[in-house]
Amino acid sequence: MGNRGMEELIPLVNRLHEALGTVGQSCSLHLPQIAVVGGQSAGKSSVLENFVGRDFLPRGSGIVTRRPLVLQLLNSNIEYGEFFHCKGKKFTDFDEIRREIETETCRLTGSNKGISPVPITLKIYSPHVLNLTLVDLPGITKVPVGDQPADIEYQIRDIIMQYICKENCLVLAVTPANTDLANSDALKLAKDVDPEGQRTIGVITKLDLMDKGTDAREILENRLLPLRRG
């Protein structure tokens, strides 16, 4: 069981955000949320989908997440999704949720790898989730492709920083096991805003792709790059 008071507060503040959003106002109340940060193809989508127990995020090469996706998980007896931009429409088919994310992304950013800081808000009601707010952020990149501007790296960094610089944001820093942890872009960004590692959680993906004869034991035992939350 989580914190009962917080579980009741999250849906209330979510409704407040929505009510103010409909009249063009923003809400200065920031509840704890978990921001997922990582390089392109680091495995962020798989991590997020494991929270939900469903495949619903777009896949592909390059930058797939081109707008922040604010994912509000709400415990419920029935399972469906609902987008802020499609009020009243319940999505029971998770393949349709994936297509709607792709469509809504392209609506603002085009189809040629452009990015936008304007978030997509998706609520998922399910008996298999805890009340949590997660944010999927664009993958860290260094080389512009398609019609991306030359400063794409800094634009993505700015979008990520908007979320992870908040003191009540937990940073889920995702790094593939087949890369050097010391060069992890996700951990480097997390360290910029959380130098003591107080609110950073390290996630290691793709352990099956490690070179023969290597292992991740020191990382998983929190000895190589110690984080307060492991």
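The largest cavity holds about 90 Å³ of space, where a cavity is a set of points on a 1 Å grid over the protein atoms alone at which a 1.4 Å probe fits but cannot get out, and a volume is the space filled by probe spheres set on the points. Of the 13 residues that line this cavity, P58, V64, T65, I101 and D136 are the closest to its centre, a lining residue being one with an atom within 4 Å of a point. By class, this lining comprises 7 nonpolar, 3 polar and 3 charged residues.

The model is a predicted one, in which local features need pLDDT of at least 70 and side-chain atom pairs count only at pLDDT 80 or more, while totals for chains, interfaces and linings use all residues. Residues are numbered from 1 along each chain as its sequence is written, and side-chain values use heavy atoms, with hydrogens and water left out.

An open sheet of 7 strands, with mixed pairing, runs in the order β3-β4-β2-β5-β1-β6-β7, where strands are DSSP runs of E with at least two residues and two strands pair if DSSP finds at least two bridges between them. Because β3 (80–83) and β7 (200–205) each have a single partner strand, one side of each is left without a neighbour in the sheet.

The structure holds 0 disulfides, a disulfide being a pair of cysteine sulfur atoms within 2.5 Å. For C169, the nearest cysteine sulfur is that of C165, 8.4 Å away.

| Cysteine | Relative accessible area |
|---|---|
| C106, partly exposed | 34% relative accessible area |
| C169, buried | 1% relative accessible area |

Methods
Buried < 20%, exposed > 50% of the residue type's maximum accessible area, 1.4 Å probe, protein only. 1 Å grid on protein atoms, 1.4 Å probe; cavity = no way out; pocket = protein on both sides within 12 Å on 5 of 7 lines; lining within 4 Å. Nonpolar A, V, L, I, M, F, W, Y, C, P; charged D, E, K, R; others polar. Helix = DSSP H or I, 4+ residues; strand = E, 2+ residues; numbered from the N terminus.
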